[in-house]
Amino acid sequence: MSDLKDFIIENGVLTKYIGKDTDVVIPDKVTKIDRAFFDNKKVVSIKMPKTVKSVRSYAFSGCKSLTSITLSEKINHIDEGTFE
C-alpha cells in the first residue's frame, strides 16, 4: 500500500510518484494529477480518490505495466495524451 512519502504533492497537484509499489492508491489530498507516473514501468494498478478532478497530459504515458485504473467519480477533465 502506498504511503504519503511516496508522492510529491504541491498545492493538491500530484507531480511525481516516487514509491516502489506496483498497486498505487493516490492520497485523498490530491485534486489534480500532473505527469506523476510518466514512463513508470512498474506500476500495475492505480486507484484515484474522489478528490481528483483533472488529469493532465501524459500523466500515465509510457506506463507499460499499467493494466487497471480506477478513476475518480468527480473527474471533469482528462487532457489529451494522458494514456498515450
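A nonpolar core is a set of buried Ala, Val, Leu, Ile, Met, Phe, Trp, Tyr and Cys residues joined through side-chain atoms within 4.5 Å; buried means under 20% relative accessible area, with a 1.4 Å probe and protein chains only. The model you have open is predicted, so local features need pLDDT of at least 70, side-chain atom pairs count only at pLDDT 80 or more, and totals for chains, interfaces and linings use all residues. Residues are numbered from 1 along each chain as its sequence is written, and side-chain values use heavy atoms, without hydrogens and water.

Start with the largest nonpolar core, which has 18 residues. Select Leu14, Val24, Ile26, Ile33, Phe37, Ile46 and Phe60, the members that touch the most others.

Next, pick Tyr17 and Phe37. Their rings pair (centres within 6.5 Å) and count as stacked (planes under 30 degrees apart), at 5.4 Å centre to centre and 25° between the planes. How buried is Phe37? Its relative accessibility is 0%.

Last stop: Ser72, in the loop between strands S7 (68-70) and S8 (77-78). Ser72 counts as buried at 7% relative accessibility. A polar atom of the Ser72 side chain lies 2.8 Å from the backbone oxygen of Val52 and another distance to check is 3.0 Å, to the backbone nitrogen of Lys74.

Conventions: Buried means under 20% relative accessible area, exposed over 50%, partly exposed in between (1.4 Å probe, protein chains only). Helices (H or I, at least four residues) and strands (E, at least two) are DSSP runs, numbered from the N terminus. A polar contact is a pair of N or O atoms within 3.5 Å; within protein, one must be able to donate a hydrogen and the other to accept it, and residues adjacent in sequence count only if both atoms are side-chain atoms. Rings of Phe, Tyr and Trp (its six-membered ring) pair if their centres lie within 6.5 Å; planes under 30 degrees apart count as stacked, over 60 as edge-to-face and the rest as tilted.
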